[in-house]
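I set out to record, step by step, what I looked up in this model. The entries follow the order in which I worked.

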Amino acid sequence: MTDTIMSKAATMEIPINSNGDTGTLPEDDSLEQDLQQVMVSGPNLNETNIVSGGYGGTGEGILAPGSIKAPNMQQSRGGQAMTTEEASRGLAVEKFDIMKKWGINTYKCTKQLISERFGKGSRTVDLELEAQIDVLRDTKRKYENILRLARALTNHFYSMVQTQRALGDTFSDLSQKSPELQDEFGYNAETQKLLCKNGETLLGAINFFVSSINTLVNKTMEDTLMTVKMYENARLEFDAYRADLEELNMGPRDAMTLSRIETAQQQFHIHKGKYERLRSDVTIKLKFLEENKVKVMHKQLLLFHNAISAYFAGNQQQLEQTIKQFNVKLKPPGVDKPSWLEEQ
């Protein structure tokens, strides 16, 4: 019976109307990407094993020579073989049903996506929420640019500090070997060492700034955008089953159609609940993200401004006070190279 079902499933075709004729569709890279996203949620059937009861099947139920002398063992082995075969067939049927449901869902979502792209289908739109999502994506792009520039500044400034350290060491060495210029070389050596020390302090502040922006962009914002992606997929499924229900309601009302309408209504309400739940989750996450972003950026921008201003004004005391105010932990001397996080 399972072989019959599987053979029918292998030759089954899902009719596609003229609106879904892929032969007439223009090339659209974004449409292909959306279709790939729809196909991502497919079931994992790597462990599916279909056991046939005919030739080539399991040999556990075959009687061995001399088994008549042990009827109890024969019955035990026969019962175990039947139990294994029934369990395997049940597993195969279960996974076939999962594959069937996934295929139907994928077909409906693909049909809905194509209809929306060509203006032949309607979609549910929450203007306020979608505007907030667009603002988030635009904000993330701008903050990524800030992060890129801050990392570049860190690398350049680190190189300058290393150059100042080497120059200070050279001046110090020459002051000992050149008695006629000892004072001049000594002054410059002290100046470069002081600049190097202040530069290491500023480098610690910039590293702290970069690390905080990286967390905000690549963890907090990214987590919210993952929820947004789940919400958009749920919206597509909701509209696909809504369109399917509307199409059935416009058709004839015979016994078979009424049964299909009832099933479609159940699926519609399931996906509607999922869509509304994820919409609520996105709204909450966007609210908390905005509050967290303002709090983090207020602190980091103030730190960045005060540290840069104090360094270039030559105010060592104010620079050290800024580091203490924002609880920035400085690395030991000689270990101030940007970490792998800042170099990404």
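**Entry 1. Terms and overall fold.** I began with a definition: helices are DSSP runs of H or I with at least four residues, and they are numbered from the N terminus. I also noted that the model is predicted. How many helices and strands does the protein chain have? I counted eight helices and zero strands. Read along the sequence, the pattern is α-α-α-α-α-α-α-α.

**Entry 2. The chain as a whole.** I looked up the burial totals next. Of the 344 residues in the protein chain, 31% are buried. The chain exposes about 22500 Å², and 55% of this area is supplied by carbon and sulfur atoms. I then turned to contacts with a separation of 6 or more: residues 24 or more positions apart account for 83% of them.

Entry 3. I checked the span of H5, which has 68 residues. From its first C-alpha to its last it reaches 97 Å, close to the 100 Å expected at 1.5 Å a residue. Where does H5 bend? I found a bend of about 35 degrees at Glu222. H6 has 58 residues and reaches 83 Å between its first and last C-alpha, close to the expected 86 Å. Just after H6, I noted that Gly314 takes a positive phi of about 75 degrees.

**Entry 4. The largest nonpolar core.** I found 44 residues in the largest nonpolar core, and Ile133, Tyr231 and Val282 have the most contacts inside it. Two or more residues come from each of helix H4 (127-177), helix H5 (182-249), helix H6 (255-312) and helix H7 (316-325). Which helix gives the largest share of this core? H5 does, with 18 residues.

**Entry 5. Tyr231 and Thr227.** I listed the contacts of Tyr231, leaving aside its neighbours within four places in sequence. They are Asp126, Leu129, Ile133, Tyr275, Leu278, Arg279 and Val282. I then moved to Thr227, which is found in helix H5. Is Thr227 buried or exposed? Its relative accessibility is 9%, and the cut-off for buried is under 20%, so Thr227 counts as buried. With neighbours within four places again left aside, Thr227 is in contact with Asp281, Val282 and Lys285.

**Entry 6. Aromatic pairs.** I found seven aromatic pairs in the structure. Why is the pair of Phe209 and Phe304 described as tilted? The ring centres are 4.8 Å apart and the planes lie at 40 degrees; planes under 30 degrees apart would count as stacked and those over 60 as edge-to-face, so the rest are tilted. This pair links distant parts of the chain, with Phe209 in helix H5 and Phe304 in helix H6, 95 residues apart. Phe209 is buried at a relative accessible area of 4%, whereas Phe304 counts as partly exposed at 27%.

I next examined Tyr311 and Phe312, an edge-to-face pair with 4.9 Å from centre to centre and 90 degrees between the planes. Tyr311 is buried, with a relative accessible area of 10%, but Phe312 is exposed, with 61%.

**Entry 7. A ring cluster.** Which residues do ring pairs link into a cluster? I recorded Tyr231, Phe238, Phe268 and Tyr275.

Note on methods:
Residues are numbered from 1 along each chain as its sequence is written. This is a predicted model: local features need pLDDT of at least 70, side-chain atom pairs count only at pLDDT 80 or more; totals for chains, interfaces and linings use all residues. Side-chain values use heavy atoms; hydrogens and water are left out. A nonpolar core is a set of buried Ala, Val, Leu, Ile, Met, Phe, Trp, Tyr and Cys residues joined through side-chain atoms within 4.5 Å. Buried means under 20% relative accessible area, exposed over 50%, partly exposed in between (1.4 Å probe, protein chains only). Contact means heavy atoms within 4.5 Å. Rings of Phe, Tyr and Trp (its six-membered ring) pair if their centres lie within 6.5 Å; planes under 30 degrees apart count as stacked, over 60 as edge-to-face and the rest as tilted. The expected span of a helix is 1.5 Å times one less than its number of residues. The bend at a residue is the angle between axes fitted to the seven residues ending there and the seven starting there. Accessible areas come from the Shrake-Rupley method with a 1.4 Å probe; for residues, only the protein chains shown count as cover.
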